[in-house]
Amino acid sequence: MSDKVLMKGNEAIAEAAIQAGCRYFFGYPITPQNEIPEYMSKRMPKVGGVYLQAESEVAAINMVYGAAGAGARVMTSSSSPGISLKQEGISYIVGSDLPCVIVNIVRGGPGLGGIQPAQSDYFQAVKGGAHGDYHLVVLAPSSVQEAVDLMTDAFDIADMYRVPVMLLGDGMLGQMMEPVEFKEQKGRDLPSKEAWATTGTKGKRRKNVVNSLYIDPKELEDLNIKRFERYKQIEANELRYEMINCDDADIVLVAYGTTARVANSAMRSARSEGLKVGLIRPITLWPFPVEAFQKAVQTTKAFLAVEMSMGQMVEDVRMAINGAKPVHFYGRTGGMVPTPSAIIEELKKILGGER
Amino acid sequence: MKKVFQRPEVLSDVVMHYCPGCTHGIIHRLVAEAIDELNIQDRLVGVASVGCSVFSYNYFECDMQQAAHGRAPAVATGIKRVHPNNIVFTYQGDGDLAAIGTAEMVHAAARGENITIIFVNNAIYGMTGGQMAPTTLLGQVTQTSPYGRNAETQGYPIKVCEMLATIEGTAYVERVSVDNVKNIMATKKAIKKAFQTQIDGKGFSLVEVLSTCPTNWGLSPVESLGWLRENMMPYYPLGIYKEK
């Protein structure tokens, strides 16, 4: 188990899901995530699981709903336009308190957009892409190894709190090859699904109903409040982030996913030039690691958020900082990737008082 | 005293929300009787749809899932793939199945998904207040075809059984009606056969039941039955369209 293998991000994500106990996959082809369904179609029959290519992303997410409601560990994957189509189903999955994992290997948009990496689905993932009061737990790995390591957590968080979890990657993470190790995952003690899963009563219990329809507004309000109590537990227990070199930093970079690796390179180069630069890397985008910013804001002078978008996560950074320090933004979009040198240039402008 | 008539076990002992004279109640009962007779209640999972039958999860005493509008066959697919030994059925109206859910219905059939669909066709959107459905007849007046459905601008009503009969994956497709006692008995037989098709692992089964909507048709329950016979039956002929 401890041998390293060279794998494409998408394939590693699929294998990690299988090793996390996922046995049902429903999907639809779309670039740049095709290696996930392809890998699943090869592997699932070998482990006694089910791979099914649906007629659309809409159907696929509703198959996930049915399978999750039937008590299965189930996932789907897609890329931006396909994730838009899944939003209806995601809302129903939330409303019926069902666990599942959704992988979004983000590409440039809006519309058909492009097929190159982007982070322009942050709002959709974090702020609620579908209707109703809800959050998705959003995990944003920055390497193939981290994606693999997070997969068991993704399924466990879903089962623990009965919520859908989104693994938010980008085209770069999906397509690049890196050495990965599939570590023995411990997994958690999880609650039984017997009380709600539709497995057939077997004549032994009252019927289970999976449903999101509540005509009585008081009942619906109560359920929403109960769900948000679970979100509070998630905020308390599942927050993940990384802080590097923030203690003495004059300026702190903020970036997630593969962009965080570019930002990390920029930070190291800048440090070698004598610039005091730190990095905050949110790993959970929801819950957002506000506490990291509350720490950094005590010592640093400014923040620079770097994204492959026109500026989406930066809004959460601004809310976390709450006006205490200036928050700057640098982004590339449409499939363009920021370079370390461009980030260093931005850092110098800010530190030199140009911005 | 010998009991000669009772509520089927799988039919819940609750007041249904259906309008007076609506035939959903009859169809629910027929589905429940078929389930009881086949003794499949313990391994049954039903999927409720969106429309008048949206609350059917309250009316069947078996595990139920409520699906988004039109998506019941996809939800049923997910359930059936996880528990192939469960008997999985959907209960859908014409707007749900033949408009917004056309893709899910056709592709579940194309995959030969081993599920059973009870398709209730009353040629109108009932729950939302009587708008034009994909199965609304030419000339039929509804809230959104106030001058009568016009083929030139509103196209033609969809014949679901005829369409599904052309699909390789379907195992059993029949159109029935609940307009009189004889046809009600035939409907029960068809529903039972559809479930038996699934029990035998033969693949996709669908029973289309011609039904009435007195409230939105603006007719009395008895007049509605006559309207069904005179207008729906000629366009939607009863019969078995596919049997493997």
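1. Chain A falls into two domains, domain 1 covering residues 4-237 and domain 2 covering residues 241-351. The model is a predicted one. Between the C-alpha centres of domain 1 of chain A and domain 2 of chain A there is a distance of 28 Å.

2. On the contact between these domains: domain 1 of chain A contributes 25 residues and domain 2 of chain A contributes 22 residues. On the domain 1 side, two or more residues come from each of helix H5 (122-126), strand E6 (137-139), strand E7 (164-170), helix H7 (171-175) and helix H8 (217-237) of chain A. H5(A) has the largest share of that side, with 4 residues. Sorted by class, the side of domain 1 of chain A that touches domain 2 of chain A holds 15 nonpolar, 8 polar and 2 charged residues.

3. A residue to look at next is A:Val337, which sits in the loop between strand E15 (327-331) and helix H12 (340-351) of chain A.

4. Apart from neighbours within four places in sequence, A:Val337 is in contact with A:Pro117, A:Met172, A:Val262, A:Met308 and A:Arg332. A:Met172 is 165 residues away from A:Val337 along the chain, yet their C-alpha atoms are separated by 9.4 Å.

5. Which residues form the contact of H9(A) with H12(A)? From H9(A) come A:Val262, A:Ala263, A:Ser265, A:Ala266, A:Ser269 and A:Ala270, and from H12(A) come A:Pro340, A:Ile343, A:Ile344 and A:Leu347. This contact has 8 nonpolar and 2 polar residues, and no charged residues. A:Val262 in H9(A) is also one of the residues in contact with A:Val337.

6. Chain A also touches chain B, with 34 residues of chain A in contact with 28 residues of chain B. On the chain A side, at least two residues each are supplied by strand E2 (24-27), strand E3 (50-53), helix H3 (57-69), helix H4 (80-95) and strand E9 (209-210) of chain A. H3(A) gives the most to this side, 8 residues. By class, the side of chain A that touches chain B divides into 16 nonpolar, 14 polar and 4 charged residues.

Notes: Residues are numbered from 1 along each chain as its sequence is written. Chains are lettered from A and ligands numbered from 1 in the order in which they are written. This is a predicted model: local features need pLDDT of at least 70, side-chain atom pairs count only at pLDDT 80 or more; totals for chains, interfaces and linings use all residues. Domain bounds come from an automatic or database domain assignment. Two residues are in contact if their C-beta atoms, placed from the backbone, lie within 7 Å. Ala, Val, Leu, Ile, Met, Phe, Trp, Tyr, Cys and Pro count as nonpolar, Asp, Glu, Lys and Arg as charged, and the others, Gly among them, as polar.
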